[in-house]
Amino acid sequence: MKNRTALLSGLSLFVCFCLLTGLSRLIIRYVGISPPLLLLAEVLSFALPALLAYYAAEDRTAIKHRLGWKMPPKGGLLFAILLGITTAMFALSTNIALGSLIGQANGDFFAAALPLTQSRFGAHGVYFVFAAAAALVEELFLRGVLMPIHEEGVGTSACLLFAGLTFALLQGDPLRMIGAFAAGCAFAYTAYIFDSVWPAVIAHLAGGLYLSVTMWMTDVYAPFGIANYFFACNLLGLLLFLYLTVRTAQGMLVRDSVPHFVKSAGLYDLWLLMRNPGVLVFAVAFAAKIVLDMIG
């Protein structure tokens, strides 16, 4: 039964990746750019794998516990919001830097850099809708369902690293993997220390809204040459929000209101998660997509 749970939870990542990769392309090819359908594709791409992993679990107690709402300690909600914005600023900085290295134009790269795959379609208001939907469905699946399953078999640090790796692979773009890895680890850590997925949803939403506002600003104020100053401004903002996030976390640590890591075998535990056949198929699918994108 445990092997079945592990296999199907790993396969749920493969299913999620295939849906994310295929549904939006099919919609755009046969229907056109339709924000409602693209939003539905985003929701289904995470909701269906979440149901698969949930019903494959041997014991759903830990999942139900993580999906429940718990009032965060003093400073907890502020920490989640600050961490989400900090992570988004870091992701955007790394995306722009990598884009510059390969000679990608800033104006075009801002839209492609955001981790809201379909958010660049439609009116500006659609950005915010996709940010909210992505924060909800992605966190419920990755941190609400999958993470409790993994925590039953391995330690905390391995779960956080695995969460970062899988979140990076789900983006399907090597240029966005550094920022996505940091975001995956950050959201997983938020869910762990508050023992609930909802602070992670709040952190993800805060980051998504920041990126959506960024996209709106770069579109609206492009004639004023905002691209020439945006990277520096975003980097300064990153340093400020990183400081505020660390100070808020320090306050919670001093009050002993967040838990320490559960003992972990580190990289060996991570290897136990990565060698899952379902996860290996997921990784192969990611590699195949990269090759096909390069060829086509």
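M217 is partly exposed, at 29% relative accessible area; the partly exposed class lies between buried, under 20%, and exposed, over 50% (1.4 Å probe, protein chains only). M217 belongs to helix α9, residues 198-220. Its C-alpha atom is 9.9 Å from that of A227, ten residues apart along the chain.

This is a predicted model, where local features need pLDDT of at least 70, side-chain atom pairs count only at pLDDT 80 or more, and totals for chains, interfaces and linings use all residues. Residues are numbered from 1 along each chain as its sequence is written, and side-chain values use heavy atoms, leaving out hydrogens and water.

The chain has twelve helices and zero strands. Of its 296 residues, 48% are buried.

Now the rings. The structure holds six aromatic pairs. Rings of Phe, Tyr and Trp (its six-membered ring) pair if their centres lie within 6.5 Å; planes under 30 degrees apart are stacked, over 60 edge-to-face, the rest tilted. Y54 and Y55 pair edge-to-face, 5.2 Å centre to centre with 90° between the planes. Y54 is buried at 18% relative accessibility, whereas Y55 is exposed at 52%.

F167 and F187 also pair edge-to-face, at 6.3 Å and 75°. This pair links distant parts of the chain: F167 sits in helix α7 and F187 in helix α8, 20 residues apart. Both are buried.

Charges sit over two of these rings. The criterion is NZ of Lys or CZ of Arg within 6 Å of the ring centre and within 35 degrees of the ring normal. R60 lies over the face of Y54, 5.2 Å from the ring centre. The charged end of R143 sits over F167, 5.2 Å from the centre of its ring.

How values were computed:
Helix = DSSP H or I, 4+ residues; strand = E, 2+ residues; numbered from the N terminus.
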